[in-house]
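Here are my notes for a colleague who is coming to this structure for the first time. Please keep the sequence and the model open while reading the numbered points.

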Amino acid sequence: MLKIVEVEARLFLRDRLNSLFAVVFPSLLLLVLGAVPALRTPAPEFGGLRFIDGYLSSLIVFTLAFIGLQRVPTVVATYREKGVLRRLSTTPMSPARLLVGQLVVNFAAVILSVLLTIVVAYVVFGVDLPHHPLGLACAVVLGGAGTFALGLVIAALAPTARAAGGWATAVFMLLMFFGGVYLPRFMLPTAVQVIGSYTPPGVEALHQAWLGTAPDWRHLAIMGLVSLVAGTVAARTFRWE
C-alpha cells in the first residue's frame with residue numbers, strides 16, 4: 001500500500017500543470033475577485049459580509065470537485081486504456097488498493113489547497129479564520145470523500161480516458177452549479193440552494209463551519225452516506241480492462 005501511494009504521488013507531481021492548477025487556482029481566483037473593491041465591501045445581500053467572505057466555501061467546492069472529478073477518473077481510465085491495469089491484475093494487488101492510493105494522494109493535494117486558501121484569505125483580505133476548525137475539517141473530509149467516491153465510480157465504469165473525462169465533466173458542472181461556483185448562492189433559487197446543501201461536496205456545511213457555527217450534522221451524514229454507497233459501488237464494479 002505504501003509503495004502504491006509513493007508511486008501515485010510521483011506521478012501526480014510529474015503532471016506539473018494540472019497539479020499546480022488544482023492546488024493554486026482557488027487562491028489565485030480569490031486574489032482576482034478580491035481586487036474588485038465592490039467585492040470587498042460588506043453588503044446586506046451577503047448578510048452584512050463581503051462577497052469574498054461568502055464565496056470561500058464555493059472555492060473549496062471547486063477544489064474538491066476538480067481534483068475528485070477531473071483528475072481521478074481520467075487517471076484511472078488512462079491506466080485501463082494503456083494496459084497498466086491489465087498488468088496489475090496479474091499481481092496480488094486488489095483493485096481497492098489502487099483506488100485507495102488515488103484517494104490518499106489526491107486528498108493530500110486537497111488539504112494543501114484548502115490550507116493555502118485559508119492563509120491567502122486571512123493574510124491578504126483579513127477574512128476570519130474558520131470559526132469551527134474541527135467542523136471545517138469534518139466537512140472537507142466527508143464532502144471530499146463523497147465527491148471522490150463519485151469520481152471513483154466513473155473511474156471504475158468508464159472504458160476510456162475520453163469517456164471518463166466526458167462523464168466526469170458533466171457531473172463536475174452540476175456540482176459546481178449547486179455549490180455556488182458559477183453563480184453566488186444568494187442568486188440561486190431556494191430549492192437549488194437546498195439541493196446544493198445536500199449534494200457533495202456540501203457547500204452549506206463548509207460555509208457554516210468557516211463563518212458560522214458547527215455544520216449541520218444532517219449535511220455531514222448525507223456526505224458520509226454518499227461516500228459509503230458510491231465507494232462500495234466503485235470497488236465492486238472496478239474492471240482491470
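Is H219 buried or exposed, and what is its relative accessible area? The third point returns to this residue.

1. Basis of the note. This is a predicted model, in which local features need pLDDT of at least 70 and side-chain atom pairs count only at pLDDT 80 or more, while totals for chains, interfaces and linings use all residues. Residues are numbered from 1 along each chain as its sequence is written, and side-chain values use heavy atoms, with hydrogens and water left out.

2. Overall build. The chain has 10 helices and 0 strands, where helices (H or I, at least four residues) and strands (E, at least two) are DSSP runs numbered from the N terminus. The radius of gyration is 18 Å, close to the 18 Å that the globule rule gives for 241 residues, so the chain is as compact as a globular protein of that length; the radius is taken over C-alpha atoms, and the rule is 2.2 Å times the number of residues to the power 0.38. Along the principal axes, the C-alpha atoms fill a box of roughly 60 × 35 × 30 Å. Of the 241 residues, 48% count as buried, a term that means under 20% relative accessible area, with exposed being over 50% and partly exposed in between (1.4 Å probe, protein chains only). Among contacts (heavy atoms within 4.5 Å) between residues at least 6 apart in sequence, 78% join residues at least 24 apart.

3. H219, which lies in helix α10, is buried, with a relative accessible area of 6%. Leaving aside neighbours within four places in sequence, H219 is in contact with S197, Y198, E204, A205 and Q208. Helix α9 (residues 203-211) has 8 of its 9 residues buried, so it is largely enclosed by the rest of the structure. In the loop between α8 (190-197) and α9 one finds P201, which is joined to P200 by a cis peptide bond with omega of about 5°.

4. Helices α6 and α10. Helix α6 (residues 133-157) and helix α10 (residues 217-237) pack at an angle of about 25°, with their axes 8 Å apart; axes are lines fitted to C-alpha atoms, for helices over the stretch in contact, and angles run from 0 to 180 degrees between N-to-C directions. That makes α6 roughly parallel to α10, on a scale where angles under 35 degrees count as roughly parallel, over 145 as roughly antiparallel, 65 to 115 as roughly perpendicular and the rest as oblique. Their crossing is left-handed, which is said when the near helix is turned anticlockwise from the far one by less than a right angle, and right-handed if clockwise. The residues that make the contact include G143, G146 and A149 of α6 and G224, S227 and G231 of α10. By class, this contact has 16 nonpolar, 6 polar and no charged residues, where Ala, Val, Leu, Ile, Met, Phe, Trp, Tyr, Cys and Pro count as nonpolar, Asp, Glu, Lys and Arg as charged, and the others, Gly among them, as polar.

5. Helices α6 and α7. With helix α7 (residues 161-178), α6 packs at an angle of about 155°, and the axes are 9 Å apart; the two helices are therefore roughly antiparallel to each other. This crossing is right-handed. Here T147, L150, I154 and L157 in α6 meet A164, W167, A168, V171 and L175 in α7, giving 8 nonpolar, 1 polar and no charged residues. L157 is partly exposed, with a relative accessible area of 37%, and, apart from neighbours within four places in sequence, is in contact with W167, T237 and R239.

6. Helices α2 and α3. The axes of α2 (residues 16-34) and helix α3 (residues 51-81) come within 10 Å and cross at roughly 165°, which makes α2 roughly antiparallel to α3, in a right-handed crossing. By class, the contact has 15 nonpolar, 4 polar and 1 charged residues. L30 of α2 is buried, with a relative accessible area of 1%. Beyond neighbours within four places in sequence, L30 is in contact with I52, L56, L59, T117, V120, A121 and F125.
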